[in-house]
Amino acid sequence: MNRSGSHTVVLILAWILLLVPSVTMAQSNTLYLLHQVPQANLLNPAVQLQCKWYVGIPAISSVHAAYHNTAFTWNDLASGSEWNLYGVLEQMHRRDLVSVEAEVHPLSIGYRHGATYFTFNVADRALVYPTVPGDLAVTALRGNVPFVGKTAEYNALRPNAYYLREYAFGISRVFGPYWTAGMRASLLFGKGSMHTGRSRSGLTTGEDGFRLLLEGDYTLHSSLPITLSQDGEGNISDITLNEIDVARILMNRGNPGFAIDLGAIYHYNDRVTLSASLLDLGLVRWNTDLHNIRATGSFRFEGIDPDTEIISGDFLREMRDSVLGAVNVAVTRLPYHSIMPVQLFLGGSYRMGDLVTLGAVNRNVIYQSKLHASLTLTAHADLAGRFLAGVSWSLMNNSIGNAGAVVAYHGRGFQFHLVSDNLFGFFFPFDSRTINLRAGFNLMLGCPRDRKGKPEPPSYGPGPGKGNCSWTSKYSFRQKFRKKAKKDL
């Protein structure tokens with residue numbers, strides 16, 4: 001299939017597989033264990049800084065952008081002089097996820113009071129995370145032949161997206177020499193959404209390969225500034241985008257929601273630290289600019305009359321009209337709820353010495369009852385007391401070619417950080433399934449320093465950093481008492 005002869009097919013597939021995300025569900029695995037960077041608290045609310053205060057510079061304290069595709073890269077699809085549609089088909093799975101995320105933080109503050117650490121953060125988050133069923137791609141390219149006596153399922157065709165503002169208050173507390181736990185509560189205000197409700201659709205092919213049954217029950221909710229027109233039979237005849245009022249969108253508080261983040265850090269000993277966090281346990285109720293579209297119906301095809309000219313335009317139009325006529329469309333304007341994709345992080349680090357730390361991070365996104373997992377191995381070093389540099393390797397999006405990097409500088413009164421899970425994605429974007437970047441500047445005030453003026457690392461107790469909390473001295477006293485008791489015995 002050459003490019004000139006497949007223009008229409010390519011446009012349709014590109015729309016289904018690539019262009020649905022226009023802005024994911026992606027966080028930086030490489031950042032997770034970097035507890036010296038304030039934004040690590042976004043991934044684990046238990047993380048604390050040694051500094052008395054940190055203040056994110058408005059709008060640039062942390063800027064995050066990411067693209068993930070679990071199926072293919074652009075060059076997998078369009079390398080060479082021909083569209084590699086069938087090659088891409090072999091790489092697709094039962095359900096593939098394409099996600100794009102953009103995130104900025106207009107305000108970020110952290111404050112330490114003894115063993116307790118408080119944070120307040122304002123964030124604007126935009127996430128587009130459609131899923132694409134592999135059976136749909138198979139049907140588009142190979143027809144119903146692979147599904148003789150079976151059903152091709154299209155349930156995973158879900159073009160979900162949201163844009164919201166988050167006001168988050170977090171608290172982290174040191175509990176003894178080993179444990180630190182944290183929680184963050186977020187008040188959410190949705191600005192726009194497209195959400196697929198409970199939906200099912202599929203194409204069943206009889207054993208003879210000719211009898212077909214196409215049936216479905218599909219629901220799509222939206223909270224968007226659009227006008228939807230219907231004809232006399234109730235079918236949707238036109239969808240137009242209203243004039244965008246940016247101020248109205250930004251100040252819209254009519255779509256409230258909430259979310260809870262939980263985190264914990266366990267210091268096994270001076271060298272080994274274990275971490276875990278559960279993020280985005282929450283939902284949003286959408287009440288403004290509502291449209292609910294529900295399409296139901298079934299179409300049964302029993303075969304073709306031998307005398308019918310199947311390649312004629314009249315036959316194709318009749319088939320199209322028959323399929324559309326079997327679909328009933330209902331449009332309502334009712335509130336709905338959308339649940340945020342839940343994220344589970346598990347991590348562990350090992351300090352090889354005073355400079356180098358090795359780590360591993362497992363990130364799991366639970367979305368539509370399916371687990372999307374990734375694994376990242378990290379190594380970072382403290383250089384000259386103020387520089388933090390590291391590398392990472394990740395298995396994510398069904399790809400092993402993800403080499404990341406991190407650079408952070410902690411000077412007197414400020415900090416800069418730059419983190420990516422796949423640095424090659426910026427140099428070779430058309431060969432990458434993963435592209436993400438987080439960068440920002442923070443003001444760091446009241447940070448403890450050693451005699452040479454170097455900033456001290458985060459301290460949670462008698463592990464790395466040797467904590468200076470009140471219970472630390474009690475812990476040391478108990479250890480000495482136990483040793484003395486053993487000698488007396």
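Reader: How many helices and strands does the secondary structure of the protein chain come to?
Author: This is a predicted model, in which local features need pLDDT of at least 70, side-chain atom pairs count only at pLDDT 80 or more, and totals for chains, interfaces and linings use all residues. Residues are numbered from 1 along each chain as its sequence is written, and side-chain values use heavy atoms, with hydrogens and water left out. Helices (H or I, at least four residues) and strands (E, at least two) are DSSP runs numbered from the N terminus, and for the protein chain they come to eight helices and 24 strands.

Reader: Which residues does a disulfide join, and where in the chain do they lie?
Author: A disulfide is a pair of cysteine sulfur atoms within 2.5 Å, and by this rule the count comes to one. Its S to S distance is 1.9 Å, between Cys-51 and Cys-447. The two are 396 residues apart and link distant parts of the chain, Cys-51 lying in the loop between helix 1 (7-19) and strand 1 (53-56), and Cys-447 in the loop between strand 24 (434-445) and helix 8 (470-488).

Reader: Why is the disulfide of Cys-51 and Cys-447 called right-handed?
Author: The handedness is read from the torsion about the S-S bond of Cys-51 and Cys-447, and the disulfide is right-handed because this torsion is about 100°.  Both cysteines, Cys-51 and Cys-447, are also buried (under 20% relative accessible area, where exposed is over 50% and partly exposed is in between, with a 1.4 Å probe and protein chains only). The torsion asked for is thus about 100°.

Reader: Is Ile-171 buried, partly exposed or exposed?
Author: Ile-171 is found in strand 7 (residues 161-175). Its relative accessibility is 33%, so Ile-171 counts as partly exposed.

Reader: Which backbone nitrogen does the side chain of Asn-160 reach?
Author: Asn-160 lies in the loop between strand 6 (151-153) and strand 7, and it is buried, with a relative accessible area of 2%. At 2.8 Å, its side chain reaches the backbone nitrogen of Thr-196.

Reader: With which side chain does that of Thr-273 make a polar contact?
Author: Thr-273 is found in strand 14 (residues 272-286) and counts as buried at 7% relative accessibility. A polar contact is a pair of N or O atoms within 3.5 Å, where within protein one must be able to donate a hydrogen and the other to accept it, and residues adjacent in sequence count only if both atoms are side-chain atoms. At 3.2 Å, the partner of the Thr-273 side chain is the side chain of His-267.
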